[in-house]
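Subject: The structure and what turned up in it

Hi there,

Here is the structure I promised to pass along.

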Amino acid sequence: MPDQNATAAVPQEKKPRKGRYILAAVGALIAVIVLAMVFLPYLVPSAWLASVAESSIAAAFERDASLGKVSWGWFAGVTVTDVSVADRAEFGGGRFLEIDSLSLHVNLRQLVRSRGADVRVESLVIDSPRVNIVKTAEGRYNFESLVASPTAPAPPRPAAAYATAGPAAPQVDMSIRRLEVRNGSVRFDDREAGATFEAAGVAALIRADLSAPRIEGAAELSFQVVQRTGNATVRAAAENVSLDRLAAGGFIEGAAAEGTLTIDGVDLAQALSAAPGVPAGAATGVLSVKLGWQIDRGLVRLTGTDGLIADFVAGQALIADGPIVIGDVDFDLAASARASDPAGTLSLESLNVTTPFARIAAAVTSFDPGALIMTLDATLEPARVPAALFTMPDGVSATGTTDLSASLDLTRRPYAFTGSLDTRALGLTTETIAKNAGVPASAVVEGTLSMEPLVVVIDSLAVVLAGGELSAEGELDMGGEAVVWNAEANLARLNLSDYIKIAEPVHLSGGVRNSGRFHLAEQLRDSDFVLDGHFRGLTAHLPERPGVEIALDGEASVNSVRATASNFMIGVGSDPITVNAEIREPLARPAGLITMRGRTIDFEYIAAVAAALGEAATDTAVMPGPPDDPEDEPDDEGFFSTLADIYVNNADVNLDLRIDQATFAAQTGTDLVIDAALTGGTLTVREAAVNIFGGRVTLDSIARFGDPGKPARLSLDVSRLQAREPVEQFLSQLAYGVGFSGVMDLSMQAAGALEGSTDDIARSFAGSGTFTVTDGVLSLPGVATALARLQPGLDLTRETFRNLTGSLNLENGILEATGEIVRGDMRFVIDGRVSYTGESSQVVSMVPPGLAGRIRLVTVENGVPRYEALGEDLLRAGLIGIITRELAPDEPAEPTERDRTLRLLRDILSTVDGSGRNGNDDR
């Protein structure tokens, strides 16, 4: 029987030998692997590596590529020097990309497993790359194919494209996980705009696989913009990047990213010169801004802070009159856009701009005209606005600021707009305006706008002033030449001196509403129009003159077929006049009656109000303007002139005015009556009469507006006016030294033309008349009492007469009067002249018995008497030697007429000093 123990012992003896073989084999394999890892870089052919690199670069850029030396090691990675990528012929050839050196760290395991077909670059460092970007005259870029959608057709290329010399290169799938760029440069040649752009010192770091279908990671970029005035710095960063590079609708549509962009020191003049469509010299300045951006599923958002354009100047290319020196401009903004449709979705959510003269806040919801909503808020300091942008007219000055806002909504049909203006903080002074800062003045408007045809509708207009509010609404149809409005004023105590340059305050209170419609037909006389006025105790107060006021109350209206006034009250003082008027249709040929009734009208009171208002208003000179150009003259004057001519030439309207009592110059008149008619272009005043000054004044006239020259005729009759201060004052302008205790009668007829200026009209009237004064007195105290010797009882200090009759003549704006007083054998002739300008002159002469010529006793110029002519007339008459001769002692007891005259003249001469002035005159 075999020995089992012996049998079992045999394999136990062989086991140690097999273990040694296994350990040896494993050690040998490890040694081979180690030796392979050490010597593999020296065993792999360099040409094969170059072929792989060139093929990968050419495939990535879709362009021919070449490179210099290729080397690699397990720890050093792959290094390629002198990389060059050619540009396509359609972009002018040349070089698209040049790189001094390119270092790659490759995933060897994947490289070995894929037998070189899958190159995963864990990191890529590009040293000193130089990129040339070209934009053709047609607007195409030479890098478009690198970011084009894979669905887009690729440009045809030869089958042997991108082939390299040497062994055939296998198809390679390359991916890059980390990309770093050092000391790069970019040159942009915009052949469409004819401009170039150059960036230097480019540094970038991308932590993402740019070849993967889904790119995720982060990136940083910085470079300097090469400028003539010094380099600008641009720094950009992107975080949380996630985008689908192969998305059919564009990779940004599915992208998500956020980051920052900082721009510091960009020269606007050089930057704008490279912008398409911007004229040379558009602007100068230095731009700096910090921008934050975000991309989310195709929506791009942008926010900007700390924006500054230093020393900004808008160039003459933008402003025809010359550059505008703005100064430093601070700004911030927020905007967004849909990348696939920037024109339709671009919106400016906020833009805040601060300049030395304005603060502006604007927003635009969308730049698509069909969806645009724009808002604007601004604070403007007019005094600091650059002169090239806005120059205040001569005589206009402003202080402080004004706030304005506006909005335009194009999403509605018709378009909607709003606007507001607040000038409380503004002080403004012009020829007529004087508003101080702090005085309220604001306006708010809302409305709509249609473009074709152009129709502007004001839904509401509100104006707020200190002590009152005004509101309005209306519509302006430019195509239909029509306007409709409704306006209302509610005044509590509006002080006009807060807004208008007046010397004394004038307060308005009460209410007024005005509405109207006007439509211009092809024929003016057929135009349709309506005007309504509703007054609710509208009153003007002059605090410096207690009790002086003007008040309006009631309703008045006029339209194309009828004009009416119902209980319309016109008050100057406490006793108003009531107007009831009706002009029957059609207004193209108006016919009707206007009746005015009142108990008392005080012309002195009206004069006081007018004087007070005149004193309150400051005299303002009309600012000279450019010469009138007939082609540029507005049609308003011609339109209203034509409208007035149509009315006047076709009217048949009567006026009946009756006032119980009228007061003038402290005198009270009764039964003031005006009976007039406007018929067929002729105004006829049948009667205008008032009982006043103890007599009656009556006027009738005819004015033919339709005739050439618009002639007019008037007749004035004054009967039995008694001696009152105003009457005597009027008489003294025609007859110096004449007073009366009886009555004065006057009759005058004149004719002229109602065309031209006031001077032309006044000078055109000519006429004649007569006047009579009874029971009067002639007083010439400046003439020596020796004249009384000529005729016993003659006393020219107070010489009475029964009648003074004279003639009147009107010509060239001057009224002349000549009258004669007979006192015994002595005659006195009085000549007077009064100009429409207010100047007057009189001459009083005597005709002594026995002499035919006149001797002037006194000459009066504008109320100042002079006596120089007395001696001159005596000398001219040759009487000085005669009257100075001593009379014989034996003169007859009864002197003759000639003797009395000679003695009189001698005595007169003895009272006149050497200058010819009466020595007794103590003027």
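Below are my notes on strands, ring pairs, salt bridges and a surface patch.

First, some housekeeping. This is a predicted model, where local features need pLDDT of at least 70 and side-chain atom pairs count only at pLDDT 80 or more, while totals for chains, interfaces and linings use all residues. Residues are numbered from 1 along each chain as its sequence is written, and side-chain values use heavy atoms, leaving out hydrogens and water.

Strands

Helices (H or I, at least four residues) and strands (E, at least two) are DSSP runs, numbered from the N terminus. Two strands pair if DSSP finds at least two bridges between them. Strand S17 (residues 373-380) pairs with strand S16 (residues 358-364) in the antiparallel sense over seven bridges, and Ile360 has Ala378 in S17 as its bridge partner. S17 also pairs with strand S19 (residues 402-409), antiparallel over eight bridges; there, Met374 stands opposite Leu408.

An open sheet of three strands runs in the order S18-S21-S22, with antiparallel pairing. Its edge strands are S18 (397-400) and S22 (434-435), each pairing on one side only. Four bridges join S18 to S21 (residues 426-429), and Thr399 stands opposite Gly427 in S21.

Aromatic rings

Rings of Phe, Tyr and Trp (its six-membered ring) pair if their centres lie within 6.5 Å; planes under 30 degrees apart count as stacked, over 60 as edge-to-face and the rest as tilted. The count by this rule is three aromatic pairs. In one of them, Phe518 and Phe529 are tilted, at 6.4 Å centre to centre and 35° between the planes. Phe518 lies in strand S27 (residues 507-519) and Phe529 in strand S28 (residues 528-541), so this pair ties together parts that are eleven residues apart in sequence.

For burial, I use buried for under 20% relative accessible area, exposed for over 50% and partly exposed in between (1.4 Å probe, protein chains only). Phe518 is buried at 18%, and Phe529 is buried at 16%. Phe535 and Phe568 have ring centres 5.4 Å apart and planes at 55°, so they are tilted. That pair links Phe535 in strand S28 to Phe568 in strand S30 (residues 563-572), 33 residues apart, and both residues are buried.

Salt bridges

A salt bridge here is a side-chain nitrogen of Lys or Arg within 4 Å of a carboxyl oxygen of Asp or Glu. The structure holds 22 of them. In one, Asp87 and Arg63 have their closest N and O atoms 3.4 Å apart, and both residues are buried. Arg63 also lies over the face of Phe96, at 4.5 Å from the ring centre (the rule: NZ of Lys or CZ of Arg within 6 Å of the ring centre and within 35 degrees of the ring normal).

Another salt bridge joins Arg130 and Asp100 (3.1 Å, N to O). Arg130 sits in strand S5 (residues 118-135) and Asp100 in strand S4, 30 residues apart. Arg130 is partly exposed at 32%, and Asp100 is partly exposed at 36%.

Surface patch

Met451, Leu454, Leu476 and Met478 form a nonpolar surface patch, with about 360 Å² of accessible area together. Patches are made of residues with over 30% relative accessible area and no salt bridge, joining like charges within 9 Å and nonpolar side chains (Val, Leu, Ile, Met, Phe, Trp, Tyr) within 5 Å; areas come from the Shrake-Rupley method with a 1.4 Å probe, and for residues only the protein chains shown count as cover. Met451 lies in the loop between strand S23 (441-450) and strand S24 (455-465) and is partly exposed at 47% relative accessibility.

Best wishes
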